[in-house]
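Look over the sequence and the structure shown below.

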Amino acid sequence: MFLSLRSIANGLTVARAVAGFPLILALQFGWQGWAWWLLLLAGLSDAADGGLARRAGGGSSWGARLDPLTDKVLIAAPLLWLASSAVLPLWAVWLLLARELLISGWRSQASDGGPASLSGKAKTILQFLSLLLMLWPTGWIAAAGLQSLGWWLFWPSLALALSSALGYITPRSAPRQN
């Protein structure tokens with residue numbers, strides 16, 4: 001049973017990675033509703049695959065390495081689109097993407113794959129929420145207010161991203177021996 005839960009978790013991660021391409025296309029062609037739904041389903045699948053992996057007693061090392069990279073694709077695509085549409089300043093998006101590359105490099109060198117910290121998980125959730133709100137389709141109810149709220153939530157997500165990066169790369173001191 002645990003093997004099947006891990007397989008399902010890995011399948012969700014792969015499906016989320018594949019969703020990145022249609023998400024980019026939907027954004028490019030102005031299919032706001034499709035883009036929003038793809039991003040929502042990707043965010044929900046991220047939560048689901050993590051839950052399944054935990055229920056299985058831990059995910060596979062393959063899934064642990066692919067999951068954060070998949071999140072990067074699904075965050076980078078809408079961020080770059082929002083920057084190209086002048087919704088977000090390019091410098092802020094580049095700063096966030098530089099953080100993601102830095103942490104991905106750090107994770108690739110970590111023997112345990114560099115599992116996400118609590119602040120790193122909070123950052124991902126806040127980023128997905130911010131992006132969902134900024135991508136809220138114009139024709140839907142309360143679009144302007146929700147898009148504005150998403151823009152305002154982006155800034156604390158950027159601050160959390162930068163502070164959580166310090167938590168990953170700052171060497172931790174060894175526990176004291178009494």
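**From the chain to its residues**

Starting at the N terminus, the elements of the chain follow the order α-α-α-α-α-α. The model is a predicted one.

Some totals describe the chain as a whole. Of its 178 residues, 40% count as buried. The chain exposes about 10,000 Å², and carbon and sulfur atoms supply 72% of that area. Contacts can also be sorted by distance along the sequence: among those between residues at least 6 apart, 77% join residues at least 24 apart.

Helix α5 covers residues 118-134, which makes 17 residues. At 1.5 Å a residue this helix should span 24 Å, and because its end C-alpha atoms are 24 Å apart, the two values agree. Helix α6, residues 143-169, has 27 residues and should span 39 Å by the same rule of 1.5 Å a residue. Its end C-alpha atoms are 38 Å apart, which agrees.

Both helices contain buried residues. In α5 these include Gly 120, Lys 123, Gln 127 and Phe 128, as well as Leu 131, Leu 132 and Leu 133. In α6, Gly 150, Phe 154, Leu 158, Ala 165 and Tyr 168 are among the buried residues.

Glu 100 is a residue of helix α4, residues 90-109. Is Glu 100 buried or exposed? Its relative accessible area is 7%, and because buried means under 20%, Glu 100 counts as buried. Leaving out residues up to four places away in sequence, Glu 100 touches Lys 72, Lys 123 and Gln 127. Lys 123 and Gln 127 are among the buried residues of α5. The C-alpha atoms of Glu 100 and Ala 165 are separated by 8.5 Å, although these residues are 65 residues apart along the chain. Ala 165 is one of the buried residues of α6.

Thr 70 lies in helix α3, residues 61-84. With a relative accessible area of 2%, Thr 70 is buried. Which residues does Thr 70 touch, not counting those up to four places away in sequence? They are Thr 13, Arg 16 and Ala 17.

Gly 30 and Pro 137 are 107 residues apart along the chain, and their C-alpha atoms are separated by 9.6 Å.

Methods
Residues are numbered from 1 along each chain as its sequence is written. This is a predicted model: local features need pLDDT of at least 70, side-chain atom pairs count only at pLDDT 80 or more; totals for chains, interfaces and linings use all residues. Side-chain values use heavy atoms; hydrogens and water are left out. Helices (H or I, at least four residues) and strands (E, at least two) are DSSP runs, numbered from the N terminus. The expected span of a helix is 1.5 Å times one less than its number of residues. Buried means under 20% relative accessible area, exposed over 50%, partly exposed in between (1.4 Å probe, protein chains only). Contact means heavy atoms within 4.5 Å. Accessible areas come from the Shrake-Rupley method with a 1.4 Å probe; for residues, only the protein chains shown count as cover.
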